[in-house]
Amino acid sequence: FFFMDDGVEMAAERLGRCRDASEVWEVIKTDVRIFGADCVQLSMVEGTSAGETRTTHYTSGFEGGPAGEPLRARFHVLGERTDAGALELGWRDGRTQIDRDVEIAVEVLCDHLAAALQRIQARQPASSSGAKVLKIRP
């Protein structure tokens, strides 16, 4: 568990330096390896000033790969809020369940992920037309 804890801390530091969602994706895509995951999908939900939502999806490893469907686990970016985006991980190593230590570490990573996305959105300036910035829904 300690190597995962250190890995999550390093990911948190890297997330703290991200300037946009694509940089967040690069950190997540690389750093989920600390959990032994072979596949990752990130869905980010943003609220618009008009009260609508926009969802952005990034994925790696779920398409193709060795025969058989991976064991999948979905973690919500904002805890129990299912409408605020999700991090989905997949393992192709034959496991049938996820260790509780892994589960806890991924939840901590999701906390850092949410903080990074909220910070990025807060730093975006309003457009010249006066439109509000897209905000990640709390």
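**Salt bridges and helix packing in the predicted model**

With a relative accessibility of 30%, Arg14 falls in the partly exposed class, where buried means under 20% relative accessible area, exposed means over 50% and partly exposed lies in between (1.4 Å probe, protein chains only). The structure is a predicted model, in which local features need pLDDT of at least 70 and side-chain atom pairs count only at pLDDT 80 or more, whereas totals for chains, interfaces and linings use all residues. Residues are numbered from 1 along each chain as its sequence is written, and side-chain values use heavy atoms, with hydrogens and water left out.

Arg14 takes part in a salt bridge with Asp31, in which the closest N and O atoms are 2.7 Å apart; a salt bridge is here a side-chain nitrogen of Lys or Arg within 4 Å of a carboxyl oxygen of Asp or Glu. Because Asp31 lies in helix α2 and Arg14 in helix α1 (residues 2-16), the pair ties together parts that are 17 residues apart in sequence. Asp31, for its part, is buried, its relative accessible area being 12%. Helices (H or I, at least four residues) and strands (E, at least two) are DSSP runs numbered from the N terminus; on this basis the protein chain contains three helices and five strands, arranged along the sequence in the pattern α-α-β-β-β-β-α-β.

Helix α2 (residues 21-31) packs on helix α3 (residues 100-123) at an angle of about 165°, with the axes 10 Å apart. This makes α2 roughly antiparallel to α3, a term applied to angles over 145 degrees, while those under 35 are roughly parallel, those from 65 to 115 roughly perpendicular and the rest oblique. Axes are lines fitted to C-alpha atoms, for helices over the stretch in contact, and angles run from 0 to 180 degrees between N-to-C directions. In terms of residues, Ala21, Val24 and Ile28 of α2 meet Leu109, Leu113, Leu117 and Ile120 of α3, with contact defined as heavy atoms within 4.5 Å. By class, this contact of α2 with α3 comprises seven nonpolar residues, no polar residues and no charged residues.

Across the protein chain of 138 residues, 38% are buried. Of the contacts between residues at least 6 apart in sequence, 56% join residues at least 24 apart. Thr59, located in strand β2 (residues 53-60), is partly exposed, with a relative accessible area of 40%. When its neighbours within four places in sequence are left aside, Thr59 is in contact with Trp25, Val40 and Gln41. The C-alpha atoms of Thr59 and Leu89 are 9.8 Å apart in space, the two residues being 30 residues apart in sequence.

Methods
Ala, Val, Leu, Ile, Met, Phe, Trp, Tyr, Cys and Pro count as nonpolar, Asp, Glu, Lys and Arg as charged, and the others, Gly among them, as polar.
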